[in-house]
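Thanks for coming, everyone. Let me put the model up on the screen, and we can walk through it together.

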Amino acid sequence: MRILLSGSSGVIGRHLVELIEADAALSLSGAADREHFFDDSADGDVLIDFSHPELTRRSLEFAARRKIPAVIGTTGLDEACLRAIEQAANRIPVCVAANFSLGVNLLLALAARTAASLGPEYEIEISEIHHRRKLDAPSGTALALGQAVAKARGLDLDGVRVDDRSRHRAPRQPGEIGFQAIRGGDVAGEHTVYFLADGERLELTHRATDRRIFARGALLAAEKLVGRPPGRVDFASLVLDGF
Ligand SMILES: NC(=O)c1ccc[n+]([C@@H]2O[C@H](COP(=O)([O-])OP(=O)(O)OC[C@H]3O[C@@H](n4cnc5c(N)ncnc54)[C@H](OP(=O)(O)O)[C@@H]3O)[C@@H](O)[C@H]2O)c1
């Protein structure tokens with residue numbers, strides 16, 4: 001499989017380069033970062049992007065023009081990127097995931113099931129910890145968890161989301177879903193969904209200890225995406241067989 005890599009100079013990009021070099025079935029057929037974009041002649045079986053929304057948008061437009069399936073891992077995507085994803089999905093298969101770890105995708109499914117099984121008296125809060133360099137907060141994964149549990153309870157996340165309790169001097173309102181983001185050190189990524197009731201508390205936690213899991217998950221997604229028809233493809237449905 002020939003891979004075009006967008007964000008090749010980044011942390012995840014470099015892990016991808018290592019994994020590609022270590023696997024005889026994979027090759028790097030082009031690379032882009034802040035300074036360099038793909039050559040017009042660059043070709044590949046799939047494009048993988050872990051970069052910055054600005055580069056993600058350009059890479060998606062490139063992939064759509066060249067009819068190359070795209071795996072998008074960049075988070076904090078802006079409106080222009082989201083539009084580019086929808087437009088690209090008319091021409092190519094696109095897999096966008098805020099988190100390419102298998103464990104996190106299982107957590108998403110477990111959290112949704114738990115939110116649906118436990119009544120609203122089990123109040124939901126979500127916390128996440130990431131390394132000091134991370135730009136967006138709450139993390140894309142925390143928001144994806146919020147969306148999954150809100151949907152499971154028939155709620156619209158935007159209507160119940162609370163990011164900053166210091167602004168309101170008020171007790172917790174029914175149905176609220178609160179987010180806390182902690183930044184520091186070299187934490188690869190930690191997410192906990194709390195279900196808090198009177199007398200008991202359930203916590204579902206995932207801890208990433210090595211950021212290579214994201215690169216491995218993206219490569220798995222890439223393998224499964226090649227040959228599919230155009231459209232959005234959900235990472236969990238690609239890899240969590242039968243859950
Ligand atoms: N979905 C997942 O599973 C997952 C997992 C981990 C990270 N992520 C996300 O993936 C993205 C990259 O993470 P990372 O830790 O690898 O970040 P990073 O080390 O900061 O690398 C970012 C990459 O994007 C390029 N870039 C940065 N700003 C740019 C700009 N304004 N225009 C064009 N290119 C730009 C950088 O190029 P230069 O080196 O030339 O600056 C570099 O190649 C982030 O959005 C992160 O949140 C997703």
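Start with helix 4, residues 102-117, which lies across strand 6, strand 9 (189-197) and strand 10. Its direction runs at about 165 degrees to strand 10. Angles here go from 0 to 180 degrees between N-to-C directions, with axes as lines fitted to C-alpha atoms, for helices over the stretch in contact. Contact means that two C-beta atoms, placed from the backbone, lie within 7 Å. Helices (H or I, at least four residues) and strands (E, at least two) are DSSP runs, numbered from the N terminus.

Two ground rules. This is a predicted model, where local features need pLDDT of at least 70 and side-chain atom pairs count only at pLDDT 80 or more, while totals for chains, interfaces and linings use all residues. Residues are numbered from 1 along each chain as its sequence is written.

What is the strand order? The open sheet has five strands, in the order 7-8-6-9-10, and the pairing is mixed. Strand 7 (161-162) and strand 10 (200-208) stand at the edges, each with a single partner strand, so one side of each has no neighbour in the sheet. Two strands pair if DSSP finds at least two bridges between them. Strand 6 (residues 123-130) and strand 8 (residues 177-183) run parallel, paired over seven bridges. One example: Ile124 has Ile177 in strand 8 as its bridge partner.

Next, helix 5 (140-152). Helix 5 has 13 residues and reaches 18 Å from first C-alpha to last, close to the 18 Å expected at 1.5 Å a residue. The expected span is 1.5 Å times one less than the number of residues. Its buried residues include Leu143, Leu145 and Val149. Buried means 20 or more other C-beta atoms within 10 Å of the residue's own; exposed means 12 or fewer; partly exposed is in between; C-beta atoms are placed from the backbone. What do the buried residues of helix 5 pack against? Helix 4, strand 6, helix 6 (157-160), strand 7, strand 8 and strand 9.

In the loop between strand 6 and helix 5 we find Pro138. The peptide bond from Ala137 to Pro138 is cis, with omega near -10 degrees. Just after helix 5, Gly154 takes a positive phi of about 70 degrees. As background, most residues other than glycine have a negative phi, and most peptide bonds are trans.

Look at strand 5, residues 93-96. Pro93 and Cys95 point one way, Val94 and Val96 the other, and all are buried. Strand 4 and strand 5 run parallel, joined by three bridges. Within that pairing, Val71 has Cys95 as its bridge partner. On strand 11, strand 5 pairs in the parallel sense over two bridges. There, Val94 stands opposite Arg232.

Then helix 2 (53-66). Does its length fit, or what would we expect? Its 14 residues should span 20 Å at 1.5 Å a residue, and the end C-alpha atoms are 20 Å apart, which agrees. Leu55, Leu60 and Phe62 are among its buried residues. Strand 1 (2-6), strand 2 (27-32), strand 3 (46-49), strand 4 (70-72) and helix 3 (79-88) are among the elements covering them.

Take Phe62, in helix 2. Phe62 counts as buried because 21 C-beta neighbours lie inside 10 Å. With 9 C-beta neighbours inside 10 Å, Lys67 counts as exposed. Lys67 is not a glycine, yet its phi is positive, about 60 degrees.

Last, the ligand. Which residues come nearest? Of the 23 residues around the ligand, these are Gly10, Arg34, Ser51, His52 and Gly73. Around means a C-beta atom, placed from the backbone, within 6 Å. Helix 1 (11-21) and helix 2 each supply at least two residues of this shell. The largest share, three residues, comes from helix 1. By type, the shell has eight nonpolar, 11 polar and four charged residues. Ala, Val, Leu, Ile, Met, Phe, Trp, Tyr, Cys and Pro count as nonpolar, Asp, Glu, Lys and Arg as charged, and the others, Gly among them, as polar.
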